[in-house]
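Please examine the sequence and the model shown here before reading further. The explanation is meant to be read alongside them.

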Amino acid sequence: MIQEEEKSPMKFQRRTVLKLSAAALAAPAIIPGRLAANDPIIFGAVAPKTGPLAGGAAVTHWPNLQLWQTQVNAAGGIMVDGNAHPVEIIEYDDQTNPGETIRGVQRLATQDNAHFIITPYGTGLHIAAAPIFDRYGYPQVCVTAITDQGSELAGQFPNMFFTLGATTPFAGDVIRVLTAMRDAGQIGNRLAMVNVADAFGIELMAAGMPLAEAAGFELVYETSYPLGTQDLAPVINGVKDAAPDAFVAWSYPPDTFGLTEQAMIAGLEVGAYYTAVATSFPGFNARFEGAANNILGAGGVNPDLPSFQEYEAAHIEVTGQAPDYWASATTYGSLQVLQQSIEAVGLDREAVSAHIKEADFDTVLGPMHFRDNNFNQAYWTVGQWQDGVFRGVASQNRDGVAAARLKEGWA
Amino acid sequence: MMSTTDIRTIAIAAVAIGVCALLPLVDQGYWLSIGVSIAMFTVLATSWALFSGPTHYISLATAAFFGIGTYVTGSFYESVSFWLLLPAAAIVGGLLAGIVGLATLRLSGVYFVIFTLGLAELVRQVITWAQNMTGHRGTYVLLDFGSRSVEEVIYWTLLGLAAIVYLAGWLIGRSRLGFALRIIGDDEEVARHSGINTARAKVLLFMVPGAVAAATGAALAPRYVYIEPALAFTPLLSFQVVIMALLGGAGRLWGPLVGVIPFTLLWEVISATFPNQTTLLLGAAFLVIVYVLPRGFVGLLERARARAGGGA
Amino acid sequence: MDILITGLLLGGTYALIAMGLNLQYGIARIMNLANGEILVAGGFAAFWMYTAGQTSPYLTIFVLAPVAFAVNWLIYVVMLRPLVKRAKSRGQLEVDAILSTFGLSFVGVGLMLAAFGGDYFNYSYLATPVTIFGDNFGLNRIASFIAAAILCAALYLWLNRSRAGMSIRAIAVSPESARLVGIDVARLSAFAFALGGAVTAVGGALLSAYLTLDASTGVIFTLKALIIVIMGGVGDVRGTIVAALLLGVIETLVASLIDPGLTLAAAYALFILILLFRPRGLFGRGAA
């Protein structure tokens with residue numbers, strides 16, 4: 001006992017010393033001013049390389065950073081004040097942990113003195129990082145954050161911009177596609193809707209259910225299943241027993257694959273089959289081949305757009321893999337937004353944010369602007385695998401919408 | 001009775017915590033965010049060791065209580081003051097720990113370990129399911145503390161919690177409960193024969209980390225802003241806490257602290273320097289520590305002390 | 001009826017996940033938190049062989065098993081044996097095993113990430129329907145159920161009929177007495193650990209035909225395997241099989257009749273109940 005009491009003060013002294021030396025080391029952040037010619041512009045990036053969201057980030061997020069950096073540098077760099085500056089990207093792995101995301105963004109802002117920081121990956125990590133982006137005045141051009149709270153968030157964090165859309169129009173467009181198919185006499189009125197019990201699935205379900213009912217659909221089956229469910233046979237069997245005309249799953253990557261394989265095995269006969277995230281991954285089509293034909297999914301692109309075709313070819317050439325047909329191009333587009341703003345107003349982050357708020361941007365997805373409450377109002381919402389190509393079949397204010405086709409069998 | 005050493009200990013502790021509290025005045029950014037991590041793991045690991053040190057039970061339930069705490073804040077912060085939510089979360093966490101303790105502390109060794117792990121997953125599933133049933137839209141904690149930044153307030157809150165945990169640990173060490181626990185830790189049979197209610201002692205003590213972890217979760221919710229089960233109940237947290245506490249040494253009140261600080265800094269250095277091999281190197285560093293420091297940093301320090309003492 | 005079959009098929013999957021850990025924990029006394037990473041690595045091998053050369057996972061396992069055996073044997077001899085030697089008590093070994101295999105699981109994730117990136121790896125194999133009693137089931141699940149049954153039967157027979165198997169069971173019951181009757185505990189422990197790793201890797205290869213894996217998913221399987229092993233009773237092949245099947249059937253029952261949202265909650269509730277009433281697991285020996 002005595003020994004212990006003697007030791008206790010030591011603990012506190014040690015900690016004090018450490019804290020003080022830590023504080024002494026904390027040099028004030030250098031505000032980057034003018035760059036010498038050829039100095040690189042430093043971009044920071046924090047996103048999952050490991051953890052539950054790593055699989056999605058490896059398809060959608062990281063390859064686009066690599067592609068963009070390669071292309072910009074091949075073209076000489078970003079033009080600031082008449083000089084071309086190469087792009088340098090500092091990458092951190094946040095291990096899908098919001099605490100690490102926060103620390104990574106902090107580190108980029110204050111230790112690495114990054115000129116700009118690329119937004120993280122996934123709704124939760126985006127929003128966890130928002131206060132730090134805000135504190136240091138970094139513009140945050142969000143991609144994989146789908147939320148209905150956009151205007152509140154943009155109110156609190158004025159430099160936060162949203163590119164991929166909001167929850168309600170997202171769910172609404174799925175219902176719109178189904179309604180159009182029903183009104184054309186292609187499918188009946190019976191709808192089965194399931195969701196993965198995680199933030200994303202729960203939000204879309206909450207938004208989608210009333211919309212489906214308002215559109216006059218009869219909900220014959222609705223349920224949720226936990227993230228990480230290894231066998232989705234009971235869900236698909238329940239759906240099958242309810243004999244719906246259309247099936248909608250607000251799903252995440254592992255279960256998007258699991259549901260579809262099970263639906264294929266059970267021979268689920270529906271005129272419209274929708275799964276959400278990862279349906280647009282090239283791996284989805286590669287795995288299910290013919291059976292993927294006419295499956296609806298979240299996202300979509302206009303594959304006939306020359307700028308997109310060019311982007312897709314470059315993506316395959318530089319990264320060795322095809323982009324996904326939803327958020328990949330948007331991720332790239334968000335980097336173009338940053339790039340074009342920097343070229344317009346220079347490295348002053350406040351000016352860049354102000355520019356993003358006002359200007360029109362030309363991206364691989366087509367034109368984009370953020371004048372409505374920091375929200376890009378032109379985005380794809382529903383796509384469909386049509387003969388090996390994932391085509392957008394519904395969008396908010398985007399051109400090139402294809403007609404949705406009837407799902408006929410799993411051959 | 002308070003001896004002079006006691007008074008000195010308390011005074012030095014108070015000064016030390018006071019000095020730590022100055023950190024936000026020096027740096028609001030990077031070092032403060034590391035400070036938050038250190039403070040958080042100090043609170044969690046020290047309270048964990050209060051129970052696991054003397055009883056040798058390894059609990060992996062930290063994430064369960066932590067997650068419950070974040071949900072207490074996430075669900076009620078709009079209607080109830082943030083400062084009331086912290087004790088509320090502590091009460092909820094403590095009660096749950098009490099119930100769990102009553103049911104399970106007769107399990108021995110590894111069964112208890114896996115049980116607590118299952119508990120965290122069970123709680124997470126039930127909360128997710130309830131959220132789904134109520135058609136809950138995303139849980140956002142947008143708190144504003146006026147002129148003070150959220151990070152700063154959270155840091156001070158965690159320091160306050162750390163002070164409470166140390167005080168509690170110190171008092172328990174001096175109390176009948178602490179005495180009973182030490183006997184239980186040495187030999188449970190002996191304890192039972194000498195008339196100690198071992199079950200009650202263990203349950204009471206298990207409530208401490210439960211309550212503290214819940215309060216920590218409640219305090220950190222505004223930092224995460226967006227609360228979702230996968231992030232709030234991440235099993236990794238439970239393992240991190242165990243590992244930091246064991247690295248430091250669970251047998252001493254100050255043991256976990258000497259595990260938390262080097263580990264957090266090491267984690268930070270590895271994350272910053274090797275972004276593509278972060279996980280690989282963390283694992284490797286970890287293995288090195290396990291093999292080189294079998295008794296934790298406490299063991300190392302005590303050996304060094306013993307050697308110094310022997311030489312003198 | 002379809003609920004029962006679906007449940008049993010899922011149980012087969014779970015048996016594949018847990019059987020290897022049971023050998024490692026029950027006999028070699030190592031609570032291996034890196035078990036899931038071995039499983040994912042096995043799945044990756046199958047994926048790679050399939051995409052590179054259209055090789056069936058059911059052929060891959062014959063190459064995979066000896067490789068995984070060797071790797072796990074090395075892991076045990078190099079990393080874990082020093083811990084076993086240094087541990088003064090069972091409790092000390094448990095703590096050391098948790099710490100070191102947790103580090104090992106990080107290393108495993110890191111190595112897999114470096115080797116093949118963080119992308120999902122999935123392919124379709126034998127995803128054709130088979131009709132049993134009027135309902136359709138995936139051929140890949142049925143095949144892996146059969147494989148699980150063969151594996152479990154072989155392990156059971158080997159442990160109960162062969163001399164080496166009996167010695168191994170003796171270690172599971174009491175390492176001290178085993179040593180006294182002249183059993184080479186150290187060698188057989190290494191053997192059991194390596195065998196467990198091989199079984200896990202084979203399980204991963206079979207599962208990859210219908211589950212979507214990535215470098216970071218191992219921990220999910222580790223948690224499930226731990227729960228099944230503890231539920232069934234440590235060191236008992238029958239227990240693990242019964243627990244796996246029971247869990248599969250209960251999850252499917254809850255999903256089909258109550259709410260799929262509660263499947264995992266039901267699984268953990270079942271686990272907790274079993275622990276409370278039979279603290280040593282369904283087939284556990286002795287009192288808690």
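The paragraphs below treat each chain, then the contact between the chains, and finally one hairpin.

This is a predicted model, in which local features need pLDDT of at least 70 and side-chain atom pairs count only at pLDDT 80 or more, while totals for chains, interfaces and linings use all residues. Residues are numbered from 1 along each chain as its sequence is written, and chains are lettered from A and ligands numbered from 1 in the order in which they are written.

Chain A contains 14 helices and 16 strands; helices (H or I, at least four residues) and strands (E, at least two) are DSSP runs, numbered from the N terminus. The C-alpha trace of chain A extends over about 70 × 70 × 40 Å along its principal axes. Of the 411 residues in chain A, 60% are buried, a residue being buried if 20 or more other C-beta atoms, placed from the backbone, lie within 10 Å of its own.

Chain B has 15 helices and 2 strands. The C-alpha trace of chain B spans about 60 × 45 × 45 Å along its principal axes. For its 312 residues a compact globule would have a radius of gyration near 20 Å, and chain B, with 20 Å, agrees. Buried residues form 56% of chain B.

The two chains touch: 51 residues from chain A and 48 residues from chain B take part in the contact, where two residues are in contact if their C-beta atoms, placed from the backbone, lie within 7 Å. On the side of chain A that touches chain B, the elements giving two or more residues include helix 1 (2-25), strand 4 (87-93) and helix 8 (199-214) of chain A. Helix 1 of chain A gives the largest share of that side, 13 residues.

Strand 15 (residues 379-386) and strand 16 of chain A pair in the antiparallel sense over 7 bridges; two strands pair if DSSP finds at least two bridges between them. Trp385(A) is the bridge partner of Phe390(A) in strand 16 of chain A. There are 2 residues between the strands of this hairpin, and Asp387(A) takes a positive phi near 50°. Strand 16 (residues 389-396) of chain A is largely enclosed by the rest of the structure, because 6 of its 8 residues are buried.

Definitions and conventions. A residue is buried if 20 or more other C-beta atoms lie within 10 Å of its own, exposed if 12 or fewer, and partly exposed in between; C-beta atoms are placed from the backbone. The radius of gyration is taken over C-alpha atoms; the globule rule is 2.2 Å times the number of residues to the power 0.38.
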